[in-house]
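Notebook open, structure loaded. I'm jotting down what I look up as I go.

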Number of protein chains: 2
Amino acid sequence: MGDKSWEDLCQHARETALLESTAGLLEWDERTKMPHGAGAYRAEQVSYLAGMIHRRRTDPQVGQWLEELNAEPLEADRHGDMATTVRELHRQYHRHAKLPNRLVEELARAAVLGQQEWVEARRNNDFASFRPRLQRLVELSREKADAIGYKGARYDALLEEYEPGENSANLSRLFAGLRAELVPFVSELAASTRKVPREILNRRYPVALQESFGKQIAEAIGFDFQRGRLDVTDHPFCAGAGPSDCRITTRYNENFFPMAFFGILHEAGHAIYEQGLRTEMYGLPPGAAASLGIHESQSRMWENFVGRSRSFWEYTFPLAQAVFAESLRDVALDDFYFAVNDVRPSLIRVEADEATYNLHIIVRYELEQALINDEMPVAELPAAWNAKYREYLGISPPDDRSGVLQDVHWSAALFGYFPTYTLGNLYAARFFECADRDLNGLSGHFKRGDFAGLRDWLRTKIHTQGQCYSAAELAQTISGRPLDSESLITHLKAKFRPLYAVA
Amino acid sequence: MGDKSWEDLCQHARETALLESTAGLLEWDERTKMPHGAGAYRAEQVSYLAGMIHRRRTDPQVGQWLEELNAEPLEADRHGDMATTVRELHRQYHRHAKLPNRLVEELARAAVLGQQEWVEARRNNDFASFRPRLQRLVELSREKADAIGYKGARYDALLEEYEPGENSANLSRLFAGLRAELVPFVSELAASTRKVPREILNRRYPVALQESFGKQIAEAIGFDFQRGRLDVTDHPFCAGAGPSDCRITTRYNENFFPMAFFGILHEAGHAIYEQGLRTEMYGLPPGAAASLGIHESQSRMWENFVGRSRSFWEYTFPLAQAVFAESLRDVALDDFYFAVNDVRPSLIRVEADEATYNLHIIVRYELEQALINDEMPVAELPAAWNAKYREYLGISPPDDRSGVLQDVHWSAALFGYFPTYTLGNLYAARFFECADRDLNGLSGHFKRGDFAGLRDWLRTKIHTQGQCYSAAELAQTISGRPLDSESLITHLKAKFRPLYAVA
């Protein structure tokens, strides 16, 4: 009986994945290649597949198979593939099944309309016109959280979707510690008398050369172009269309080198994780990413811990000089390294540096908690946003366009998503610390252009584990202690204090 | 009751179209953008969707709705949208429902394997290794034909899939007349003392310029890039991913101008038909192409009847001279026009000219009939092929690679497909004759770069009719008489006799 249920359950999940990966291609195509006039029908195709996928996920037959399998003694090997599959599909099934169809559909519709209205509101710098829609999105999200249920704060029910097993009590403790260190640290760097040679990065970097150079380095760190591709979009992303089909995008600015280059490293980091999952487990939890926080840890690892390190540029800078001879011929390695590590408070999250980035996230995390937990009316959001920017970053947005209206997330009802960005940085710092110790100093590797050591370490410890361990369990098993903000703070201080010549 | 069945039937067909168009995107992507390593999983995605689509098409509920609607008096307006929908869905339902799942699956699998083995066999010029697979494909196709049933020849049951309402008795009569005229006509041109200035077309035509020029002319004849796109592939095609998403491809040879240019006109002709179907009827028979023959009539119309006409080049040649100045500066219009109308017997169908092309098709049509009707063993195919080339074209392939192994169709079990190419030429000639008369001479339009007259005529008479009329009915209603080979023969003689200075 159990064997049959097990096989049927896996077959069912793998078939659902055929639809999910097909939806992935529809979405990739929509954002990269689709003719402009095809948008309306594409929305129909996507929502038809989404409905089909939701019906499959909440099919009572799945619940029955899970009942039968849950009765089996799986706890002996709770991190094994079978136990992981049953545990995670059980969690997902009960989560989805609690949501009435009416709410799923209303949220989907409100999110589509929300994004359209947000584009308008941002363009017109007009929060007031967007407020009623945001109000409704908050209400529906609260309703969703209540339908799912929670132990601590209502916000936790939403967070759980992106970061299974995480809760806001733990996050708030982590983030408070991080903020207490970061706010004075950023001020400390700002007081430095050393001047970042920014101008280097604004020279001419021909787009075609940026593309071929970006591909060369993406391949060097491990992105497999036989199982992926790189395209151009305004808003870079990483999308999957199957176990051997992971596609990344970037955008180019001829007069600003870091945008495309670090964007490619970031998305390639996501893709290397996807390409490192076990292909034969595709569609089942052991073949899926552990959480968004763990996903972000991989992109941040390659973008910042590798790509913004001095040892990386010891190897890469001569290559860059050969390609961008006109602009880099007379530049010293240390000046270039300093330029790509320009730390200063700024208003826009997606342009923020490695150190201040987390303060942008903490602002959003605190505000969205207040909204969902009904501790602040939507009308007060812009003023609260500006006050927190003043408090944490020492600057204040001149308007809502560069303030509360800058991100798409809330307009798409993605409450609970923002903290995974900072979790990614915290996990990255912890994992990098462990890999550096296990591999006897990664800077030695990077200097000679060897990225396979780190990549294989990540593959063994993280990628091939899929969802067999939760994010928190990965930190515990890999480093021997729970996640905290110490590794990240240690990394930032060790890196930036010498660079900015501060105590 | 009828109203409800009607609405449910249409809703069901439109939902199936959401899946079909999604499958269309999967296939387009596979042939243009997909990373090499993603092929195996893509095959699973495509076949999963294909299975889902087949189950929907043969859903007994569809049969029941059709029963109820067939009882209604639809014959009063048999070319109306409702009657057309019921009639065509009824035809498709009963055709599909007669095929056992086992046969559908075995044919699909044999076709995939057949194409793989064909690639190998063609590369190695080795018909013998391919023969057993071809034998099996013929047997399965016979079994399919027998399951579907037929009145005249078994072959007709297969032909019907691509050309509804057509039969081989009629085709053989048409093609015999055409062959009797074409064989001596081609010899007549071959005896001409006029020398085609072929060298003009082998000069340097930079690929980037070919692409922008091709797009410019595709747009001029009516391809809407807001609802479509142009990409590069080895084997050009036209694929749809929705009612406003029609994508064409071509291939470029820097030293042979016609390949990409006429390829683009051909595929754009297919696409203009798709873009001219009624968007609001997408997914229902009144919003679908009438037949493959009618589809091909549209591509051949723009490629040959327009694109290889002297009046077209009176307008287009100065534009081409401005773009390809280096190669065309000193070329006279008449020499260029002669060069793109180079008629001579050749071995490869896809490279054949407007006049000899149909002889290539007639060879295949006669041979595939003999195979399906069990009048010739597969082992005799190569010798029969070569004999027919000698008889109809006066040349004989040196090997099977440039003979019987050159086309993919039979390896994919597409028996009954080839004649639609020549039907396309016959329909194109007839429609062009009518449009020329209705519009008081099209050459006057083309000379001033006006293609809207012909395009709108086609849109009204053909595109917007969808499947409300069969192919044969379209010829009858538009021209007032049934299809024959006269219009095509008249066109070829009127065009090529003066050009080659033969009687």
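Which residues touch the most other members of the largest nonpolar core? I find A:Ala268, A:Tyr427, B:Ala268 and B:Tyr427, in a core of 248 residues. For the record, a nonpolar core here is a set of buried Ala, Val, Leu, Ile, Met, Phe, Trp, Tyr and Cys residues joined through C-beta atoms within 7 Å. Buried is 20 or more other C-beta atoms within 10 Å of a residue's own, exposed is 12 or fewer, and partly exposed is in between, with C-beta atoms placed from the backbone. A general reminder to myself: in soluble globular proteins, nonpolar side chains tend to be buried together.

**Ground rules.** This is a predicted model, where local features need pLDDT of at least 70 and side-chain atom pairs count only at pLDDT 80 or more, while totals for chains, interfaces and linings use all residues. Residues are numbered from 1 along each chain as its sequence is written, and chains are lettered from A and ligands numbered from 1 in the order in which they are written.

**Confidence.** I checked pLDDT (the predictor's confidence in each residue, from 0 to 100). Chain A averages 95, and 99% of its residues score at least 70. For the complex I noted an ipTM of 0.93 and a pTM of 0.93.

**Overall build of chain A.** I get 21 helices and three strands; these are DSSP runs (H or I, at least four residues, for helices; E, at least two, for strands), numbered from the N terminus. The C-alpha atoms fill a box of roughly 70 × 50 × 50 Å along the principal axes. The radius of gyration is 23 Å, which agrees with the value near 23 Å for a compact globule of 503 residues. That radius is taken over C-alpha atoms, and the globule rule is 2.2 Å times the number of residues to the power 0.38. Buried residues come to 43% of the chain.

A contact means two C-beta atoms, placed from the backbone, within 7 Å.

**A:Ser485.** I found A:Ser485 in the loop between helix H20 (471-479) and helix H21 (486-500) of chain A. Buried or exposed? A:Ser485 counts as buried because it has 23 C-beta neighbours inside 10 Å. Beyond four places in sequence, A:Ser485 touches A:Leu174, A:Gly177, A:Leu178, A:Glu181 and A:Leu426.

**A:Asp438.** I looked this one up in helix H17 (residues 419-438) of chain A. A:Asp438 has 13 other C-beta atoms within 10 Å, so it is partly exposed.

**Domains.** The assignment (automatic or from a database) gives chain A domain 1 (2-97) and domain 2 (198-345 + 439-472).

**Chain A against chain B.** I see 27 residues of chain A in contact with 27 of chain B. On the chain A side, H1, helix H2 (39-57) and strand S1 (228-232) give two or more residues each. H1(A) gives the most here, with seven. By class, this side has ten nonpolar, nine polar and eight charged residues. My classes: Ala, Val, Leu, Ile, Met, Phe, Trp, Tyr, Cys and Pro are nonpolar, Asp, Glu, Lys and Arg are charged, and the others, Gly among them, are polar.
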